[in-house]
Amino acid sequence: MMRATIDAARCQGHGRCAMLAPDVFDIDDDGWGTVLVDPVPATAEPDVREAVLNCPESAIALLQGPIRSAGGAWMSTGNPKSE
Ligand code: SF4
């Protein structure tokens, strides 16, 4: 199961995520990227990975569930840009 998050501190509202993966991302009323669905539908995973690679601010993180830390938080499997 894939989950996607957007770091609001990094997002600059370019909208590339919503353009590349419109089933998962959108631009909110204030112009920032937002995640529409959680978890990401399997059919949208390729588009989401493309959005991650094309976000100019590296603001999108992918999480793989149901891996949880001892504290119950979702564990990040890393940003594809760094792989
Ligand atoms: S592409 Fe990145 S910076 Fe642009 S709106 Fe989406 S998350 Fe924000």
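Modeller: Phe-25 touches Cys-17, Ala-18, Gly-33, Thr-34, Val-35, Leu-36 and Ala-51, leaving out residues up to four places away in sequence. Two residues are in contact if their C-beta atoms, placed from the backbone, lie within 7 Å. Please note that this is a predicted model: local features need pLDDT of at least 70, side-chain atom pairs count only at pLDDT 80 or more, and totals for chains, interfaces and linings use all residues. Residues are numbered from 1 along each chain as its sequence is written.

Colleague: Is Phe-25 buried or exposed?

Modeller: The idea is to count C-beta atoms, placed from the backbone: a residue is buried if 20 or more others lie within 10 Å of its own, exposed if 12 or fewer, and partly exposed in between. Phe-25 is buried, because 26 other C-beta atoms lie within 10 Å. Of the 83 residues of the protein, 19% count as buried.

Colleague: How many helices and strands are there in the protein?

Modeller: Helices (H or I, at least four residues) and strands (E, at least two) are DSSP runs, numbered from the N terminus. The protein has 2 helices and 5 strands, in the pattern β-α-β-β-α-β-β along the sequence. Phe-25 belongs to strand β2, residues 25-27.

Colleague: Which residues of the largest nonpolar core touch the most other members?

Modeller: A nonpolar core is a set of buried Ala, Val, Leu, Ile, Met, Phe, Trp, Tyr and Cys residues joined through C-beta atoms within 7 Å. Here the largest core has 15 residues, of which Cys-17, Ala-21, Val-24, Val-48, Ala-51, Cys-55 and Ile-60 touch the most other members. The elements that give two or more residues to this core are β1 (2-6) and α2 (45-54), and the largest share, 3 residues, comes from α2.

Colleague: Why do the buried residues of α2 line one face of the helix?

Modeller: An α-helix has 3.6 residues a turn, so residues three or four places apart point the same way. In α2, Val-48, Ala-51 and Val-52 are buried. Seen down the axis of α2, these buried residues fall within an arc of 100 degrees (taken from the directions from the helix axis to the C-beta atoms), so they line one face. Ala-51 is in contact with Arg-16, Cys-17, Leu-20, Ala-21, Phe-25 and Ile-60, setting aside neighbours within four places in sequence.

Colleague: Which peptide bond is cis, and which residue other than glycine has a positive phi?

Modeller: Most residues other than glycine have a negative phi, and most peptide bonds are trans. In this model the bond from Asp-38 to Pro-39 is cis, with omega near 5 degrees; Pro-39 lies in the loop between β3 (33-35) and α2. Ser-58 has a positive phi, near 50 degrees, and sits in the loop between α2 and β4 (60-68).

Colleague: Which residues are closest to the ligand?

Modeller: A residue is near a molecule if its C-beta atom, placed from the backbone, lies within 6 Å of it. The ligand is surrounded by 14 residues, the closest being Cys-11, His-14, Cys-17, Gly-33 and Cys-55.

Colleague: Where does pLDDT stay under 50?

Modeller: pLDDT is the predictor's confidence in each residue, from 0 to 100. The protein averages 86, and 78% of the residues score at least 70. Over residues 75-83, however, pLDDT stays under 50.
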